[in-house]
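Please read it alongside the sequence and the coordinates.

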Amino acid sequence: MNHRALAALLPDLPRWVELRGELLEGHAEVIGLTVDPLAFVVVAPAFGSVQVVGCPPVEAIGEAAGLAGPRLSILVTAESRGWVAAALPELIEERAILHLLGPDARLPDVAAGAVRHLLPGEVTALTHLPAETREELIAVDAVGAPIAAALEADTPVAFCYAGAVTESLWDISIESLTTWRRRGFAAKAVAFEVERLRASGQLPVWGAVESNAASLGLAAKLGFVPTDEVWVFSAPAVPAELGSRPR
C-alpha cells in the first residue's frame with residue numbers, strides 16, 4: 001500500500017496532522033503494517049520522529065526507535081499509549097495538548113517588513129543561531145518549506161514554519177531565540193504563516209506538552225483552543241517536546 005493510500009485510511013484530524021503529513025509528503029518509512037486491524041509505525045530518521053497507529057508488532061516499534069537515533073520522539077494517541085510504554089519501558093512519556101484556532105482569535109497585526117520568508121539557502125548564513133536551531137532550519141529549508149522569520153533591525157530572531165501539511169490542516173513549528181523570547185516576535189511569525197496558509201484553506205494546529213507552560217500560554221493568548229491530546233515518548237536525557245518535522 002502506498003503512502004497516500006495509507007493516509008486516506010486516517011481522518012484529517014489534529015491528532016493525525018503530523019503522521020498524515022509525513023505520509024502525504026513521502027518523507028518517511030512505514031514499518032510493521034497490518035490492515036485488519038490497522039496498525040503501523042511511521043519513522044522519519046532524519047528528524048528523529050516516530051509515530052504509531054494502533055498496536056503494531058513490538059519489533060517494529062523497536063526498529064523505528066533505533067532508526068530515529070538520539071533525537072527520538074514517539075508520538076501516539078491515548079489508544080496506543082500503553083502498547084508503546086510496554087514495548088519501550090525505558091522511555092519517559094508526557095501528555096501533549098493539541099489546539100485549533102478558535103473563533104476568538106487574537107493574532108497580532110504584522111506591519112509590513114516585520115516578518116518575511118527566508119530566501120532558499122539563506123539560513124546557512126545566519127551565524128547568530130544556536131547550532132541546534134540552525135541544524136533544524138537547514139533541514140526545513142532543504143525540503144523546500146517556507147520559513148517565516150520575525151525581524152528585529154533586519155535580524156531574524158523568531159521563526160515559524162509548517163511542520164506538516166494535510167488537506168485541511170497544518171502543524172505549527174516555532175523556533176524563537178532566547179534573547180528575544182516573550183517580546184512578541186514568535187506571535188508575529190505565527191500570524192504571518194496563519195495568514196499565508198489561510199488562503200489555501202489550511203487551519204493551524206498548535207501542539208505543546210503539558211510541561212511547556214510558555215507554549216501553552218502563548219497558544220491561549222493568541223486564541224487557540226484545546227481540542228485533542230496525544231502522548232510523546234522520549235529518552236530520559238532529552239526533554240519531551242512535541243517536535244514537528246519539516247515538510
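Buried means under 20% relative accessible area, exposed means over 50%, and partly exposed lies in between, with a 1.4 Å probe and protein chains only. Helices (H or I, at least four residues) and strands (E, at least two) are DSSP runs, numbered from the N terminus. The model is predicted: local features need pLDDT of at least 70, side-chain atom pairs count only at pLDDT 80 or more, and totals for chains, interfaces and linings use all residues. Residues are numbered from 1 along each chain as its sequence is written, and side-chain values use heavy atoms, with hydrogens and water left out.

Strand β3 (residues 49–53) is largely enclosed by the rest of the structure, because 5 of its 5 residues are buried. S49, Q51 and V53 point one way from β3, while V50 and V52 point the other way, and all are buried. In a regular strand the side chains alternate between the two faces of the sheet.

Two strands pair if DSSP finds at least two bridges between them. The pairings discussed here are tabulated below.

| Strands | Sense | Bridges | Opposite residues |
|---|---|---|---|
| β1 (residues 29–35) and β2 | antiparallel | 5 bridges | V35 and L38 |
| β2 (residues 38–44) and β3 | antiparallel | 5 bridges | F40 and V53 |

The β2–β3 hairpin has 4 residues between its strands, and G48 in the turn has a positive phi of about 70 degrees. Strand β3, helix α3 (residues 58–68) and β4 make a right-handed β-α-β unit; right-handed here means that, with the strands pointing away from the viewer, the path from the first strand over the helix to the second runs clockwise.

G54 lies in the loop between β3 and α3. Because its relative accessibility is 24%, G54 counts as partly exposed. Contact means heavy atoms within 4.5 Å; not counting residues up to four places away in sequence, G54 touches L38, A39 and S80. The C-alpha atoms of G54 and S80 are 5.5 Å apart in space, although the two residues are 26 residues apart in sequence.

Strand β2 is mostly covered, with 6 of its 7 residues buried. V42 is found in this strand, and V42 counts as buried because its relative accessibility is 0%. Not counting residues up to four places away in sequence, V42 touches L19, E22, L23, A28, E29, V30, S49, V50 and Q51. Between V42 and R20, 22 residues apart along the chain, the C-alpha separation is 9.7 Å.

Helix α2 (residues 17–25) is also mostly covered, since 8 of its 9 residues are buried. The buried residues in α2 are V17, E18, L19, R20, G21, E22, L23 and L24. Just after α2, G26 takes a positive phi of about 75 degrees.

**Nonpolar cores**

A nonpolar core is a set of buried Ala, Val, Leu, Ile, Met, Phe, Trp, Tyr and Cys residues joined through side-chain atoms within 4.5 Å. The largest has 23 residues, and those with the most contacts inside it are W170, I172, V190 and W206. At least two residues of this core come from each of β7 (148–152), β8 (155–165), β9 (169–176), α6 (185–198) and β10. Helix α6 gives the most, with 7 residues. A second, separate core of 19 residues includes A64, A68, V84 and L88.

**Aromatic and cation–ring geometry**

Rings of Phe, Tyr and Trp (its six-membered ring) pair if their centres lie within 6.5 Å; planes under 30 degrees apart count as stacked, over 60 as edge-to-face and the rest as tilted. A search of the whole structure finds 1 aromatic pair. W206 and F224 form this tilted pair, at 5.1 Å centre to centre with 50 degrees between the planes. The pair links distant parts of the chain, with W206 in strand β10 (residues 203–209) and F224 in strand β11 (residues 224–234), 18 residues apart. Both W206 and F224 are buried.

A charge sits over a ring if NZ of Lys or CZ of Arg is within 6 Å of the ring centre and within 35 degrees of the ring normal. The charged end of R81 sits over the ring of W231, 3.6 Å from its centre.

W206 is also touched by S215, a residue of helix α7 (residues 213–221). S215 counts as buried because its relative accessibility is 15%.
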